[in-house]
Amino acid sequence: WHVDLRILGAHQQPRAFMTHNRNCQSASLARCIFLLAFLVASAAGAAPPKAIKGEVVAVHEGDMLTVLVNQKRIEIRLAQIDAPELRQSFGDRAAASLTDLCLQKPASVETMGQEQSGRLIARVKCAEVDAGAAQVERGMAWVAVQKRTTAAPLYFLQDKAQRSREG
């Protein structure tokens with residue numbers, strides 16, 4: 001057996017996998033088990049990624065805003081949601097909703113990735129309110145992720161908004 005440590009994505013904890021190796025001896029197995037136990041214990045106590053703090057200074061669309069962090073403007077697309085663009089139906093309402101939620105409010109930004117254009121993809125909390133979840137709950141955006149299990153809470157909010165005919 002040997003332990004294979006893998007990082008499974010930009011913001012996921014390291015994971016250890018034990019795989020069989022026919023040339024392994026019992027002493028090596030004991031070391032593998034010890035290392036696995038150590039990795040599991042350290043991953044359990046690992047701190048979540050730190051959020052960047054700033055203030056929302058602009059809202060561009062229902063899922064895109066700018067945060068001022070240390071005198072630097074950072075354009076952000078909200079992670080896991082999609083909202084109509086300004087020129088589309090309800091685009092102005094979606095932008096107005098995000099403006100109401102975030103403009104000139106303190107923001108906490110947890111980076112999830114980056115678009116090819118360089119714009120950050122992030123979860124954003126404005127005054128402690130998850131902006132993406134609030135947009136979905138208000139019916140101003142829909143869930144936009146590949147796997148339904150990845151964003152289960154957002155799908156719940158989307159279903160709720162659809163049932164109540166919000167947005």
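Which residues of helix 2 are buried? I'll take that helix, then the strands around it.

First, the ground rules. This is a predicted model, where local features need pLDDT of at least 70 and side-chain atom pairs count only at pLDDT 80 or more, while totals for chains, interfaces and linings use all residues. Residues are numbered from 1 along each chain as its sequence is written, and side-chain values use heavy atoms, with hydrogens and water left out.

Helices (H or I, at least four residues) and strands (E, at least two) are DSSP runs, numbered from the N terminus. Buried means under 20% relative accessible area, exposed over 50%, and partly exposed in between, with a 1.4 Å probe and protein chains only.

Now the answer. In helix 2, Gly 91, Ala 94, Ala 95, Ser 97, Leu 98, Leu 101 and Cys 102 are buried. Seen down the axis of helix 2, these residues fall within an arc of 155 degrees, so they line one face of the helix. The arc is taken from the directions from the helix axis to the C-beta atoms. As background, an α-helix has 3.6 residues a turn, so residues three or four places apart point the same way.

Just past the end of helix 2, Gln 104 has a positive phi of about 60 degrees.

On to the strands. Two strands pair if DSSP finds at least two bridges between them. Strand 4 is mostly covered, with five of its six residues buried. Strand 4 runs antiparallel to strand 3, with five bridges, and antiparallel to strand 5, with six bridges. Thr 66 is the bridge partner of Ala 58 on one side and of Glu 75 in strand 5 on the other. In the turn between strand 4 and strand 5, Asn 70 has a positive phi of about 50 degrees.

Last, strand 8. Leu 120, Ala 122, Val 124 and Cys 126 form its covered face, and Ile 121, Arg 123 and Lys 125 its uncovered one. Strand 8 runs parallel to strand 5, joined by three bridges, and Ile 121 is the bridge partner of Arg 77. Strand 7 (residues 106-114) is antiparallel to strand 8, with seven bridges; Val 109 stands opposite Val 124. Strand 9 is also antiparallel to strand 8, with two bridges, and Val 129 is the bridge partner of Cys 126.
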